[in-house]
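Student: Hi! I've just opened this one and would like a quick tour. Can we start with the surface?

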Amino acid sequence: MRRMRQFYIYIRTDKNVNTELHYFTFQSVSSATNNFSSANKLGKRGFGEVFKGKLVDGQDIAVK
C-alpha cells in the first residue's frame, strides 16, 4: 500500500505523466500483440500472462 501511495504522489507531482484513462477494443489489443503471440509474451505472474505490443500509432504497450 505504501508503494501505491508513493506512486500516486509521484504521478500527481510529475507534470509529464499522462493520467488519463484509455480504453482499447479487444481487436486493437489483439492486433497490437499479434493475436497474443507467444513471441510477444513477457512473462506470467500471479494473475496471468503479460504480452508486449505496439499500437497502430506506434505506442508500445503491455497487456495483461
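Tutor: The chain exposes about 6,000 Å², with carbon and sulfur atoms supplying 53% of that area. Accessible areas come from the Shrake-Rupley method with a 1.4 Å probe, and for residues only the protein chains shown count as cover. This is a predicted model: local features need pLDDT of at least 70, side-chain atom pairs count only at pLDDT 80 or more, and totals for chains, interfaces and linings use all residues. Residues are numbered from 1 along each chain as its sequence is written, and side-chain values use heavy atoms, leaving out hydrogens and water.

Student: What percentage of the 64 residues count as buried?

Tutor: Buried residues make up 23% of the 64; buried means under 20% relative accessible area, exposed over 50%, and partly exposed in between (1.4 Å probe, protein chains only).

Student: Which pattern does the chain follow along the sequence?

Tutor: The pattern is α-α-β-β-β, from two helices and three strands. These are DSSP runs numbered from the N terminus (helices: H or I, at least four residues; strands: E, at least two).

Student: Switching topic, how many aromatic pairs are there?

Tutor: There are two. In one, the rings of Phe 36 and Phe 51 have centres 5.4 Å apart and planes at 80°, so they sit edge-to-face. Rings of Phe, Tyr and Trp (its six-membered ring) pair if their centres lie within 6.5 Å; planes under 30 degrees apart are stacked, over 60 edge-to-face, the rest tilted.

Student: Are those two buried or exposed?

Tutor: Phe 51 is buried at 8% relative accessible area, while Phe 36 is partly exposed at 25%.
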